[in-house]
Amino acid sequence: MQQMFTIHAGEYLIGSYIEENFKNYNVWVPSKDTGIDLLVTNSKNNKAVSLQVKYSKDYVITHTEPEYQNKLRAWGWWTLNRDRIKKSKADLWVFVMQSFVEKTIECVVLSPLTLLKTLKRIHGNKKLFQTYMWVGCNNKCWETRGLNKAEKILIANNRFKCADRNLTSFLDNWKPMKQKLK
């Protein structure tokens, strides 16, 4: 074990979020990097869920065009390795976006298998996936990498209909964690 280590911002935000919103759970930080960023246990510490946490700064202010900037709460950007997702030992992946304008934490929570299937459906079978996740003020979440301006405007105006890119069901989806810790 190293004498001193730090956790990254996303891990801190998720650990704090879980402690604040799920009072009967305990959050643990592994002492070495095994692909598991946080371990969450029930109050008896006899059931556990492992989390891989991915943090992104908020790109709404710096990269969003004016016609839809005020319609988004958060926008995160990640580069993900297909093989790492496929081999992940984590039960759940948590994508964290901290909105600087709205002062909220937005979380997309899903299993690595679901993540991989979703990315393959949208982007094909690439080795590296570039993914953008937008969270709108309308409580909807979309994968937007590769969309044209007209499609992005539809998202901002709540009129976009592509089911493959709709990540809303994973937005703050803590149900799998709660079920596993029953």
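Let me start with helix H1, residues 9-21, which in this predicted model lies across strands S1, S2, S3, S5 (92-98) and S6, and runs at about 130° to S3. Helix H5, residues 112-123, also packs on the sheet, where it touches S5 and S6, and its direction makes about 70° with that of S5.

The sheet itself is open and has 5 strands in the order S1-S2-S3-S5-S6, with mixed pairing. Strand S1 (26-28) and strand S6 (105-110) are at the edges with a single partner strand each, so that one side of each has no neighbour in the sheet. From one strand to the next, the twist averages 30°. Within the sheet, strand S2 (residues 38-41) and strand S3 (residues 48-56) run antiparallel and are joined by 4 bridges, and Leu-39 stands opposite Ser-50 in S3.

Now to the aromatic rings, for which the count comes to 11 pairs. Tyr-17 and Trp-174 have ring centres 5.6 Å apart and planes at 25°, and because stacking is assigned to planes under 30 degrees apart, this pair is stacked. Trp-174, at 3% relative accessibility, counts as buried.

Trp-142 is in strand S8 (residues 141-143) and Phe-160 in the loop between H6 and H7, 18 residues apart, and both residues are buried. Finally, ring pairs link Tyr-59, Trp-75, Trp-77, Tyr-132 and Trp-134 into a cluster.

Conventions. Residues numbered from 1 in each chain as written. Predicted model: local features only at pLDDT ≥ 70, side-chain atom pairs only at ≥ 80, totals over all residues. Heavy atoms only, no water. Pairing = 2+ DSSP bridges. Helix = DSSP H or I, 4+ residues; strand = E, 2+ residues; numbered from the N terminus. Axes fitted to C-alpha atoms, helices over the stretch in contact; angles between N-to-C directions. Contact = heavy atoms within 4.5 Å. Phe/Tyr/Trp six-rings, centres within 6.5 Å; stacked < 30°, edge-to-face > 60°. Buried < 20%, exposed > 50% of the residue type's maximum accessible area, 1.4 Å probe, protein only.
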